[in-house]
Amino acid sequence: MNIRIQNLEADNYYHIYNRGINSGKVFQTDENYNYFLKQLSKYILNIADVYAYCLMPNHFHILLKIKTVEEIEKFIENSKPTNPGISEGLHSTKNIVSKQISKFISSYTQSYNKIQNRHGGLFESPFKRIKIDSEDYLKNLILYIHQNPKDLEVDFREYKHSSYKSILSKAKTNLMRNEIIILFGSEENFIASHDKIREFNF
């Protein structure tokens, strides 16, 4: 199935990614990166859990686990007072996840355009998504996402626009920190698994 149009199924992991049109920059300042994460929390945490992310100057990667059907239906029900008819058509359980991600990206684009005094689309459309079908794929994807800054010739361990340092921090986070550490067996193994730079072919 086309990775640009497949539905996002409840209770499954997905690699969500996209880049700027013509590979143009989508982040210029720290404020851009921070606002992107703020909007991610606003639009996505109701319908998915965030496991990992990396924001690069001209693209982003996010690893999500879509919430259960029951949780998504509860979100839809709670949204009805401000969005009458939300259970119909594009607002159905089947489509609400994609719609929320699109709203998230659109909200960032509108803010970026206003600040940069530009118009039109910022990211390629529609956003890309790949379903994760095994634990090995899931773990390797986390490594791939966190090691992305190597393309900028910087140490990914110190890169401040990815989830790597947040997972190892004790600070409050919306990331599924405990679940990720359990997935790798321990914090030590999480670090050791990242220390070997890999070439991935997804």
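H15 stands opposite I130 in β4. That pairing belongs to strand β1, which runs antiparallel to β4 (residues 128–131) over 4 bridges; two strands count as paired if DSSP finds at least two bridges between them. A quick word on the source: this is a predicted model, where local features need pLDDT of at least 70, side-chain atom pairs count only at pLDDT 80 or more, and totals for chains, interfaces and linings use all residues. Residues are numbered from 1 along each chain as its sequence is written, and side-chain values use heavy atoms, with hydrogens and water left out.

**Strand β1**

- Strands here are DSSP runs of E, at least two residues long, while helices are runs of H or I with at least four, and both are numbered from the N terminus.
- β1 covers residues 13–19 and is mostly tucked away, with 5 of its 7 residues buried; buried means under 20% relative accessible area, exposed over 50%, and partly exposed in between (1.4 Å probe, protein chains only).
- β1 also pairs with β3 (residues 59–66), again in the antiparallel sense, over 7 bridges.
- Within that pairing, Y13 has K65 of β3 as its bridge partner.

**F104 in helix α3**

- F104 sits in α3, which spans residues 93–116.
- At a relative accessible area of 2%, F104 is buried.
- Setting aside neighbours within four places in sequence, F104 is in contact with F36, Q39, L40, Y43, I44 and I62; contact means heavy atoms within 4.5 Å.
- Take L40, one of those partners: L40 and F104 are 64 residues apart along the chain, yet their C-alpha atoms are separated by 6.2 Å.

**Helices α4 and α7**

- α4 (residues 135–147) packs against α7 at an angle of about 65°, with the axes 10 Å apart; axes are lines fitted to C-alpha atoms over the stretch in contact, and angles run from 0 to 180 degrees between N-to-C directions.
- On the α4 side, I142, L143, H146 and Q147 make the contact, and on the α7 side F190, S193 and H194 do.

**D195 in helix α7**

- D195 lies in α7, residues 187–195.
- D195 counts as partly exposed because its relative accessibility is 41%.
- The side chains of D195 and R157 are joined by a polar contact of 3.3 Å (a pair of N or O atoms within 3.5 Å; within protein, one must be able to donate a hydrogen and the other to accept it, and residues adjacent in sequence count only if both atoms are side-chain atoms).
- D195 and L143 are 52 residues apart in sequence, and 9.4 Å apart in space, C-alpha to C-alpha.
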